[in-house]
Amino acid sequence: MEYAKVNTRSDEESKKIPTTSGQVKLAKIIVNDLKRIGVANIVYDQNDGYVVASLSANIKENIDTIGFIAHLDTANFKSENIKPIVHRNYDGNDVVLNAGKKITMSLDEFPNLKNYTGQTLITSDGTTLLGVDDKAGIIEIITAFKYLIAHPDIKHGEIFAAFGPDEEIGYGAKRFDIRKFKASFAYTLDNGLPGQIEDETFNAAQAKIRVKGTSVHPGDAFGTMINATTIANKIITALPENEVPEKSKGRDGFFLVTESNTTVSEAYLNIIIRDFDDKKFLMKKVLLKDIVDKINQKFDYERVTLEMQDQYHNIKTDINKTPYIIDLVKRAYTKLGLKTTVHPFRGGTDGNAITEKGIPTPNLFNGGENFHGQYEFITVEAMKLTANMVVEIIKEHVIYSNE
């Protein structure tokens, strides 16, 4: 509840590290909580905004060091004055989030709610997000550490945890100095339902398009006006109409216009490109460049400028080089009675950048649902299960390493 109330929304326009002060506030709360439960090795690095903590090994055997990662920031959605609500023994019906504003989370829209009947449900009041993504992951890792400290009879190797900023805008892990995070492999607890393993992510790119028009009085516009809004619309309509998020699933890629600001004299488009397949990803980038080039050929000078850069790359190739880290999770899931589902993650995590830095990092789950909006929720039971999963992976790692 305390973590949820801290506004940690990241800011893509900020030049600070982390990009918002709320993330610093939460990081310092986490440091104090880690000290309170008995974690001795804690570092908060102001240069990259990461809290890194570790538990020393209590076995003599030399096994690979394992790590767990969650992020401090929340998505680009209203985050001021968050008011978490606890619905004890949830009755399986529609959930009234805010009676005064008539905001209800209905079963018609969210039938998955039925899966949590009888549990302790936590939501926002419907006017903000809750912050399950990824404060739940942070809490679950801390809870696992707390349990291991309280039960020294559980044998484990050295364990690292990292809590970092600005994941939602793709900055945090790129700045992460992994020299202080000495894990051989790691897992993010970011989104997802119990039993899921996400060993693959999108390839991702961002395109910023600016259009320069010529604005004159519409009564005298014949042969003179160049309407930047019209050009921007032509770019959008030239994109494949079926390669959009609302018509994509599984391993389908897409284009998404995330921002459009247009006038007669100038226009700006922000477009993100996603695909799992490397060749299809490249083809999408080439297609967008071709669309811009063909439009520019119609004018007296380059009216449209395109800035395109890769944001992250699919982790699949690197994960496949170390099958142990997926097999380990499957074994832990079996011990917990969870049905394993391995599938691609239609997004990216801090694991993309950290994998590129040399620490293979697939994503598991944090047990929440309806991320990035006012209908986010999680249950206490789901968080307990996730914390148990972290402990089980740690225990199983000792057993598996000695077989």
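**Exercise 1. Find where Gln 196 sits, decide whether it is buried or exposed, and name the backbone atom that its side chain reaches.**

Step 1: Gln 196 has a relative accessible area of 17%. Buried means under 20% relative accessible area, exposed over 50%, and partly exposed in between (1.4 Å probe, protein chains only). Gln 196 is therefore buried.

Step 2: Gln 196 belongs to strand S10 (residues 196-197). Strands (E, at least two residues) and helices (H or I, at least four) are DSSP runs, numbered from the N terminus.

Step 3: At 3.0 Å from the Gln 196 side chain lies the backbone nitrogen of Leu 193.

A word on the model before we go on: it is predicted, so local features need pLDDT of at least 70 and side-chain atom pairs count only at pLDDT 80 or more, while totals for chains, interfaces and linings use all residues. Residues are numbered from 1 along each chain as its sequence is written, and side-chain values use heavy atoms, with hydrogens and water left out.

**Exercise 2. Describe the salt bridge of Lys 180 and Asp 45, and say which parts of the chain it ties together.**

Step 1: A salt bridge is a side-chain nitrogen of Lys or Arg within 4 Å of a carboxyl oxygen of Asp or Glu. The structure holds 18 salt bridges.

Step 2: In one of them, Lys 180 and Asp 45 meet at 3.2 Å, N to O.

Step 3: Lys 180 is in the loop between helix H4 (172-175) and strand S9 (185-188), and Asp 45 is in strand S1 (residues 41-45), so the pair ties together parts 135 residues apart in sequence.

Step 4: Lys 180 and Asp 45 are both buried.

**Exercise 3. Work out the places and the exposure of Asp 310 and Lys 285.**

Step 1: The closest N and O atoms of the Asp 310 and Lys 285 salt bridge are 2.9 Å apart.

Step 2: This pair links distant parts of the chain, with Asp 310 in strand S14 (residues 304-312) and Lys 285 in helix H6 (residues 278-296), 25 residues apart.

Step 3: Asp 310 is partly exposed at 33% relative accessibility, and Lys 285 is buried at 16%.

**Exercise 4. Explain how Lys 395 and Glu 392 are placed in helix H10.**

Step 1: Lys 395 and Glu 392 form a salt bridge, with 3.9 Å between the closest N and O atoms.

Step 2: Because they are three residues apart in helix H10 (residues 380-401), about one helical turn separates Lys 395 and Glu 392.

Step 3: Lys 395 is partly exposed, at 32% relative accessible area, while Glu 392 is buried at 13%.

Key
Polar contact = N/O pair within 3.5 Å; in protein donor to acceptor, adjacent residues only side chain to side chain.
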